[in-house]
Amino acid sequence: MSEALDVRRRSAEPIGLFVVGLLALLATIRLALGSHRGQSLDQRALDSVYAGADAKRTLLDYLGYVSIGAAAIALTACLILALMQGRARLAVGAGVIIAGANVTTQLLKRNVLERPDLGFTTLNSLPSGHTTVVMSVVLATLLVAPMLLRPLFAVTGAFAATLTGASTVAAGWHRPGDIIAALAVCLMWGSAVAAFVGVQKTSAGMAHTTVVSLAGAMAAGVLLIVVGVRPTGGWDGVVDAALALGLVGAVTALVLASFARLAPS
């Protein structure tokens with residue numbers, strides 16, 4: 001009986017995270033696609049930042065490395081890391097996170113979701129494929145990472161995922177709603193796999209993992225400014241730009257902080 005209770009206790013948090021991810025995805029779809037106000041706010045956020053010719057070239061060079069091929073290479077590294085620890089179940093879990101999240105995103109974007117004509121474009125770009133690739137790899141890496149390396153992977157993962165999501169916004173490829181939907185898809189798959197493999201909370205509290213993840217997200221924001229991403233409205237547009245990119249970074253950090261607290265038992 002005690003063992004069954006322990007299993008349920010360890011599964012409760014990842015299941016809770018799955019529900020949070022699902023609700024976030026449904027809410028984002030409803031607001032960003034099905035609401036005139038939501039589409040308007042999303043478009044305003046997209047229009048609030050821009051990258052000049054040199055900055056855009058830099059961002060596109062970076063985004064060019066984000067591909068399914070790159071995800072396959074990262075998955076191979078995750079498999080090797082898990083097998084080196086003698087944990088084949090984690091190797092399978094890492095593969096499921098990456099494959100499941102990316103297939104889900106592509107199906108939603110191309111076959112399931114439609115963007116109604118509410119005065120803006122009807123071309124659907126939700127969820128973001130680039131963000132899904134990077135975030136799914138980050139969560140898979142956290143799943144297989146030894147405890148000692150988890151903070152390092154959390155901060156670098158937050159940096160990479162925020163940089164990817166924010167770069168697609170600055171390059172004009174995606175709205176913030178697309179990024180949040182992709183993060184929700186990844187959280188759903190990551191937490192579902194975590195519940196399956198069995199997890200326990202790490203010694204690091206939520207505050208610690210949040211600080212680490214926010215540090216990575218903020219570093220990505222600083223880099224974007226350095227390469228030349230600017231508010232479209234100049235100083236008058238700073239607030240809108242900060243809110244748009246800040247939302248991307250904050251949600252990315254929160255997803256990572258929540259997942260980083262879970263460690264395979």
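Visitor: Which residues does M135 touch, not counting residues up to four places away in sequence?
Guide: In this predicted model, M135 touches A161, L183, C186, T252, V255 and L256, with residues up to four places away in sequence left out of the count. Contact means heavy atoms within 4.5 Å, so each of these residues has at least one heavy atom within that distance of a heavy atom of M135.

Visitor: What is the place of M135 in the largest nonpolar core?
Guide: That core holds 65 residues, and M135 is among those that touch the most other members, together with L25, L139, L142 and V229. Helix α8, residues 176-197, gives the largest share of the core, with 11 residues.

Visitor: Why is T131 called buried?
Guide: T131, which is found in helix α6, has a relative accessibility of 1%. The cut-off for buried is under 20%, so T131 counts as buried. Leaving aside neighbours within four places in sequence, T131 is in contact with T164, G165, I179, A182 and L183.

Visitor: Why is A207 called exposed?
Guide: The relative accessible area of A207 is 58%. Exposed means over 50%, so A207 is exposed. A207 lies in helix α9, residues 206-227. Between the C-alpha atoms of A207 and S258 there are 10.0 Å in space, although the two residues are 51 apart in sequence.

Visitor: How do you know that R37 is exposed?
Guide: At 61% relative accessibility, R37 is over the 50% cut-off, and therefore counts as exposed. R37 has its place in helix α2, residues 36-47. R37 and L59 are 22 residues apart in sequence and 29 Å apart in space, C-alpha to C-alpha.

Visitor: Why are T104 and T76 called partly exposed?
Guide: T104 has a relative accessible area of 22%, and T76 has one of 42%. T104 is found in helix α5 and touches V185 and W189, not counting residues up to four places away in sequence. T76 is found in helix α4, residues 68-84.

Visitor: How do you know that R261 is buried?
Guide: The relative accessibility of R261 is 15%. Since the cut-off is under 20%, R261 counts as buried. R261 lies in the loop between α10 (238-260) and β4 (262-264).

Visitor: What makes the link between R261 and E13 a polar contact?
Guide: The side chains of R261 and E13 are joined at 2.8 Å. A polar contact requires a pair of N or O atoms within 3.5 Å, one able to donate a hydrogen and the other to accept it. The value of 2.8 Å is within that limit, so the pair qualifies.

Visitor: Why is the peptide bond between L126 and P127 called cis?
Guide: Its omega is about 0 degrees, and the bond is cis. Most peptide bonds are trans. P127 lies in the loop between α5 (88-112) and α6 (129-144).

Visitor: What kinds of residue form the lining of the largest pocket?
Guide: The lining divides into 15 nonpolar residues, four polar and one charged. The pocket holds about 460 Å³ of space, and among the residues closest to its centre are G221 and I225. α7 (150-170), α9, β3 (229-231) and α10 each supply at least two residues of the lining.

Definitions and conventions: Residues are numbered from 1 along each chain as its sequence is written. This is a predicted model: local features need pLDDT of at least 70, side-chain atom pairs count only at pLDDT 80 or more; totals for chains, interfaces and linings use all residues. Side-chain values use heavy atoms; hydrogens and water are left out. Helices (H or I, at least four residues) and strands (E, at least two) are DSSP runs, numbered from the N terminus. Buried means under 20% relative accessible area, exposed over 50%, partly exposed in between (1.4 Å probe, protein chains only). A nonpolar core is a set of buried Ala, Val, Leu, Ile, Met, Phe, Trp, Tyr and Cys residues joined through side-chain atoms within 4.5 Å. On a 1 Å grid over the protein atoms alone, a cavity is a set of points where a 1.4 Å probe fits but cannot get out, and a pocket is an open set with protein on both sides within 12 Å along at least five of seven lines; lining residues have an atom within 4 Å of a point. Grid points are joined across faces, edges and corners, and a volume is the space filled by probe spheres set on the points. Ala, Val, Leu, Ile, Met, Phe, Trp, Tyr, Cys and Pro count as nonpolar, Asp, Glu, Lys and Arg as charged, and the others, Gly among them, as polar.
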